[in-house]
2 protein chains.
Amino acid sequence: MSADKAPGPRERLLEAGQDLFYSQGASVGVDALLKQANVARRSLYEHFGGKDGLIEAVIRRASEQDIAWYEEALAGAEEPRTRLLGLFDRLDELVANADFRGCRYFATDLALTDPQHPAHAETDAFRQRLRALLVTELTALGHDDPGRAAEQLHLLIEGTLVMGSTRGNPHPARAARDLAARLIG
Amino acid sequence: MSADKAPGPRERLLEAGQDLFYSQGASVGVDALLKQANVARRSLYEHFGGKDGLIEAVIRRASEQDIAWYEEALAGAEEPRTRLLGLFDRLDELVANADFRGCRYFATDLALTDPQHPAHAETDAFRQRLRALLVTELTALGHDDPGRAAEQLHLLIEGTLVMGSTRGNPHPARAARDLAARLIG
DNA sequence: CCAGAAGTAGATCGATTGGTCTATTTCCGA
DNA sequence: TCGGAAATAGACCAATCGATCTACTTCTGG
């Protein structure tokens, strides 16, 4: 095992998909994916069954990474309140990045018209995992209604990602952090 | 004048576009648009120059209507604080609607990869008009920093529209209203 | 060393896309 | 009433889409 050196076609396809689906949307052509992954056409259909299968696999993979990112962002401090507010500091950096283009999962849901597309289940799962993370933090913080507060924090996060992608204001995360601080109390 | 009875092809195209671009995204085919508008193919290219021109015109038209909707939603009360909070009550109804599919302008920006597409200027203009509306209300309310508070209200609105389209929780507007209330003080 | 799996390269297919064009009909004002 | 603009219907085009298939090469384990 230990397939570290020189990632195979499957891994290269996942990385190319993660990059191109995010920067150009789910409507990028198969040709562009194959070119960036430097992979033969056949490999895509062998490994993922088609473009839709790749989309689903990419979302699942990105979901793992993003949940890990949120966990790490929350691990920045010991005190629960500081942990949650620190998350918005990390979001501020994320959104400020030049190639930030909004929430991958929301964009995927919008791009895939078919409500039966398997990728929708993946985006739902991601949101549930994120919500669970917030509930855990709020419970540790001793909040009265962790479920409701988590919903509000989630709304603040999504709002930050939207405002950050429109570039109307450079630091939406700071506005959200301020609201989150009042919420946590 | 008074072109009320039996709207012409141009108007029918605008209505069909406003409906289909919203419910199915900007990627709907020209054929579907022509069919729903009950209009000849040539009429589209005569009036709007092409699909992109129709998209731009539809966004401009919807923008007018939506700004009017926000103005009317704010006109529900006399006291500034009640006016702003009432807006979130109206958003609650809007999001609860079965065919609600999120923010039209954000979805359009995501769907149009080309950053030079004229529709982007229209979505930006809409957001600026909405922001101006919020600043006016906050100024009337005597808020310390109307600009910053307007940014925060805008973030709460966009967050509500996102959360409402994912259907994870039925009443994101109530969560946002609660946060808005703390913000207004 | 060699057999088979995996990967590559690229032609090709059918469907669909946005857009152009021709021919015909409808409608309205001078 | 008549003439021209506007609208209709639909054939048609080039480009692009995702997907399939064949032929060849590379890599690897027994």
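A rotation of 180° with 0.0 Å of shift along its axis places chain A on chain B with an RMSD of 0.0 Å, where the copies are superposed by least squares on the C-alpha atoms of residues with pLDDT of at least 70 in both. The two copies are therefore related as by a two-fold rotation axis. In chain A, the C-alpha nearest to this axis belongs to A:Gly159, which lies 2.0 Å from it. The same surface serves both copies, since 100% of the contact residues of chain A recur in chain B.

This is a predicted model, in which local features need pLDDT of at least 70 and side-chain atom pairs count only at pLDDT 80 or more, while totals for chains, interfaces and linings use all residues. Residues are numbered from 1 along each chain as its sequence is written, chains are lettered from A and ligands numbered from 1 in the order in which they are written, and side-chain values use heavy atoms, with hydrogens and water left out.

**Between the two chains**

The contact (heavy atoms within 4.5 Å) takes 31 residues from chain A and 31 residues from chain B. Together the chains bury about 2900 Å², of which 66% is on carbon and sulfur atoms; buried area is the accessible area, with a 1.4 Å probe, that two parts lose on being put together, summed over both. Seven residue pairs across the interface, both at pLDDT 80 or more, are in polar contact, meaning a pair of N or O atoms within 3.5 Å, where within protein one must be able to donate a hydrogen and the other to accept it, and residues adjacent in sequence count only if both atoms are side-chain atoms. On the side of chain A that touches chain B, α8(A) gives the most, with 13 residues; helices are DSSP runs of H or I with at least four residues, numbered from the N terminus.

**Around the DNA**

Of the 17 residues around DNA strand C, those that come nearest are A:Arg12, A:Ser43, B:Val30, B:Arg41 and B:Lys51, a residue being near if one of its heavy atoms lies within 4 Å of the strand.

| Protein atom | Atom of DNA strand C | Distance |
|---|---|---|
| A:Ala40, backbone N or O | phosphate oxygen | 3.2 Å |
| B:Arg42, polar side-chain atom | base oxygen | 3.4 Å |
| B:Tyr45, polar side-chain atom | phosphate oxygen | 3.1 Å |

The elements that give two or more residues to this surface are α1 (9-24) and α3 (41-48) of chain A together with α3 (41-48) of chain B, and α3(A) gives the most, with four residues.
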